[in-house]
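Take a look at the model below. The report then goes through it part by part.

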Amino acid sequence: MVRTKGYPEALEKKLHDQRYYREDSNPDFTKNVKAISRTIAHMCYQCGTCTGSCPSAPRSTYRIRKFMRRAVLGLENEALTDPDLWLCTTCYSCTDRCPRDIAPTDVIMAMRNLAFKRDIIPVNFLKTVQSIYKTGHGVPNNDVNRAAREKLGLTRDPPTTHMYPEYIPGIQKIIDHYKLKANADRIVKEREG
Amino acid sequence: MAEKKKATTKKSESKKVAPVKQEVKKQAAAPAAAVGQTTKQDARIGVFICHCGTNIAGSMDIPAVQEYAKTVPNVAFVDNYKYMCSMPGQAVISKAIKDNKLTGVVVAACSPRLHEPTFRTATKEAGLNPFRFEMANIREQNSWVHMHDWEGSTDKAKDAIRIAVAKAALLQDLFPKSVPVEKAAMVVGAGVAGMQAALDLDAAGIKTYLVESTPSIGGRMSQLDKTFPTLDCSQCILTPKMVDVGRAKNIELMTYSEVDAVEGYIGNFDVTVRKKARGVLTPAEAEARGIVGGGCNGCGDCEAVCPVVKPNDFEVGMKPRKAIYINHPQVVPLIYTIDFNSCIKCGLCVTACGPEKKAIDLESKDEFVKVKVGTAILATGFDIFPVEKKEEWGYKRYENVITSLEFERLICASGPTGGHLVRPSDGETPKRVAFVLCAGSRDNTGVGKPYCSRFCCMYSLKHAHQIIEKIPGCTPYIFYMDIRSFGKMYEEFYYRIQDEGAKFIRGRVANILEDPKTKNLHVHADDTLLDRPVDMDVDLVVLAAAVQPMADTNRTRKLFGVSCSMDGWLLEAHPKLNPCGTTTAGVFLAGVCQGPKDIPDTVASAEGAASAASIPIHKGEVELEPYFATCIEEKCAGCGMCVNLCPYSALSLVEKEGRQVMQVTEAKCKGCGTCGGFCPGGAIWMNHFATPQIVAQIDAFLLGGEQ
């Protein structure tokens, strides 16, 4: 489908055809999202309970309902290339309240999985991977925290890999099994040099 | 090989079929069954295969099935047709019966529930007894479920036809019995559906018992303020009907009563009604006790002195009532009722009532009344879904979140606030009101109801109109998913309400939070059309709660042998073509008990049910399917074990020729087969489902055509 009118570049950008066409829909995308998320992603009736429940939506452009719509229609590229995909905090408020008994959070997780297969992922997520690989924590302990813990009568480090670093190799083994670290390192290098 | 097969067939026939013949011939007690008996040897069966357009023909090889049918023993004629149920299709059957001197007919088509009557008629028209017809279901139980298995469904159709032919070869002439129909009907539930049905039956000259569990007739409609889309006052259009019901000479009103037991069958139901202890005598009851000119006249002197205060259910608990009460001034009948669960029997009411009326009897007990009716209509209505189960909306947690039924009472001039809509928290008049649609409807979580409650959209539009009209400057915000304004003048009503200033926000309410200081509410939703989340600060929230069947519906339906669908609503005989009937002959459904309906649909359904219920009564007799059990007296040992097993009390022992034998009351027998299956001597013959017929079917299946 020709979607350009041959206008000068600036005008073309401004007036580009925003409609979606049948060939934008990939039925396999809907199927894959359903299979990975294990929820009836094609059954959304767009009531908006999810976005209404979403703590991210009021202060961001993230609209979970929009991703549900894309899941229904199979709009794969639009869903996977939208940077908002990464704004979900996975709080599961939408899943709690969805009247169709769909788990929108799991739909988002499925789409993130599919996006990562195409190397679509924000660098900060990859840095979290690197941090977990290194320390066992997405957000490692720091001195401010340690002081606060001490003040509360707690140990300076929690009883996690911080206290038992001998378990870190086990975590690394799991991450390596899925080549997560290798991919993260590769993509971060590509982006940040 | 073929000859050998034939020989074995004959041999086994002489072994197996001969006793059958004997049995049947010996049936002196049931001459009808013996008429026109054919043996398997001279059976000539016609097989007619229906394509049902592509419903059947699209999933199986019809020519192959036809070729196979020709090879089945006793088959004398085979044909197929695009639509066997059509007039030309039926003509094919009739012609074949005459031309080929058929003794039995097998139609391989849809479910007998759909077209058995059609093909029986076609069989009858060709001069054959209609019970010589047998149906092989190759659609619902075959082509529809094996749509993508061409070979499998073809093979299964062959099996079905072989089995049906095996039975058809042994079918007998049967003659339906007619029983007289009691010229009376019962209507259970006296809301607008029950009242309308009772009024129609009354107008048709039929004695009608109208049973209502609460003290007054009127039902849900009497709780409503106005009705959409015409905005008539609900009470104004309902009370004339209530008065008519009270006056109708053919209606016997049984308020504060419940159906306790049902026995019998169409034309002859024996219903036991429990009249709950009311503690107050009607003038007629007083007169029966010799208190001339006494009984309750509704003066209310008793209520004034009663010291017990309880919440009034009619006002959804928002108004007090006494232990002796009427729910509202327009009750029919105008007779007080004592709530014996809260009455302390202080006797003040008895004194206040005085020695002339003597209307109060604190020692009254439940009474059981037996009535005989020909048909019955269930109109048991609906209740509100307990919407507090959807915790995110805070009903019963936040004072200013109310249900739409509470809104109806608050906006109603005869309601607890005299028609002034107020916030429950502080009695202030709200200036911004949010309406939450689909509150528990269209909900697949298992907490709410999966269905659309159908009338919430429209009454919420009406509520919006009412607050705009009554409270200047008040804005209604309607949170909706879809506005289902499907009825006559409904879409126009939607237009009008939008024009009046109601704000429609297309998004289901995600949650509601309360400001603990002001008790104002923050309604959170997604304005899906704007694609932005909303936080709407309002004074009052009205939940358009889903509806569900009344709690007692399940008990009542079981008494009448009526099924219910998965969601608890009573099951109609056919959702499109028989919405008022049930699978129990003589029992009909009216109004919301069958599924959510607005008032026009409820009244239409009630009139349909009344019409259907009056047909058997006007005909005066009904034909019963001749599937009853018969006793083969020579074999009966008179042990009487079957008598106690019969769930319908249809069997008894009688003395004949100096010994005890079992006798069947055919009108009571439903042909369930309990006795026939049990009888140790094989002395009970189940018409149309006789042991040899069923054994032949099983043999035909298991032996794959060999006998």
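How many residues of domain 3 of chain B are in contact with domain 4 of chain B? Five residues of domain 3 of chain B are in contact with six residues of domain 4 of chain B. Contact means that the C-beta atoms of two residues, placed from the backbone, lie within 7 Å. By class, the domain 3 side of chain B has two nonpolar, one polar and two charged residues. Ala, Val, Leu, Ile, Met, Phe, Trp, Tyr, Cys and Pro count as nonpolar; Asp, Glu, Lys and Arg count as charged; the others, Gly among them, count as polar. The C-alpha centres of domain 3 and domain 4 of chain B lie 37 Å apart.

## About the model

The model is predicted: local features need pLDDT of at least 70, side-chain atom pairs count only at pLDDT 80 or more, and totals for chains, interfaces and linings use all residues. Residues are numbered from 1 along each chain as its sequence is written, while chains are lettered from A and ligands numbered from 1 in the order in which they are written.

## Where the chains meet

Chain A puts 16 residues in contact with 18 residues of chain B. On the chain A side, the largest share, four residues, comes from helix α3 (residues 49-53) of chain A. Helices here are DSSP runs (H or I, at least four residues), and strands are DSSP runs too (E, at least two), numbered from the N terminus.

## One residue in a loop

Phe175(B) sits in the loop between α7 (150-168) and β5 (177-180) of chain B.

Methods
Domain bounds come from an automatic or database domain assignment.
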